[in-house]
Amino acid sequence: MEGNYTRLMPQRLARATGAILITSNHWLRFSRYLKRTLINRSDRAGHLEGAKDSIKWEMIHWILVKTRNSGVKYTKILQESELPMVECHTAEALNSLYRVWDLPNRR
């Protein structure tokens, strides 16, 4: 599952066999938000045809304030679930996981 779905996690974790937690620094998430919003490439994964993104204060607040420490929260939830878990805190850690598991290269 991807995203911030804390209230749905108990049901999903009950069906899960393991978890991969991918976290990143809030400033990195903010810069990626600005980049995808301002550049708005049509070949970006998740881009909707004809959609025009704009910078929103609510989203800035969400990234820099509300979810600033979400990695800590999700780590705790996943540790309490006792599922096997892998954590990736950097792009290099994620790329390394792809190599170890012999997965196709990410874009």
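Predicted model: local features only at pLDDT ≥ 70, side-chain atom pairs only at ≥ 80, totals over all residues.
Residues are numbered from 1 along each chain as its sequence is written, and side-chain values use heavy atoms, with hydrogens and water left out.

Of the 107 residues of the chain, 22% count as buried (under 20% relative accessible area, 1.4 Å probe, protein chains only).

## Fold

Five helices and two strands make up the pattern α-β-α-α-α-β-α along the sequence. Helices are DSSP runs of H or I with at least four residues, and strands are runs of E with at least two, numbered from the N terminus. The C-alpha trace spans about 40 × 35 × 25 Å along its principal axes.

Among contacts (heavy atoms within 4.5 Å) between residues at least 6 apart in sequence, 63% join residues at least 24 apart.

## An aromatic pair

The chain has one aromatic pair: rings of Phe, Tyr and Trp (its six-membered ring) pair if their centres lie within 6.5 Å, with planes under 30 degrees apart counted as stacked, over 60 as edge-to-face and the rest as tilted. The ring centres of Trp27 and Phe30 lie 6.2 Å apart and their planes are at 80°, so this pair is edge-to-face.

Trp27 and Phe30 are three residues apart in helix 2 (residues 26-39), so about one helical turn separates them. Phe30 is buried, with a relative accessible area of 16%.

Methods:
Buried < 20%, exposed > 50% of the residue type's maximum accessible area, 1.4 Å probe, protein only.
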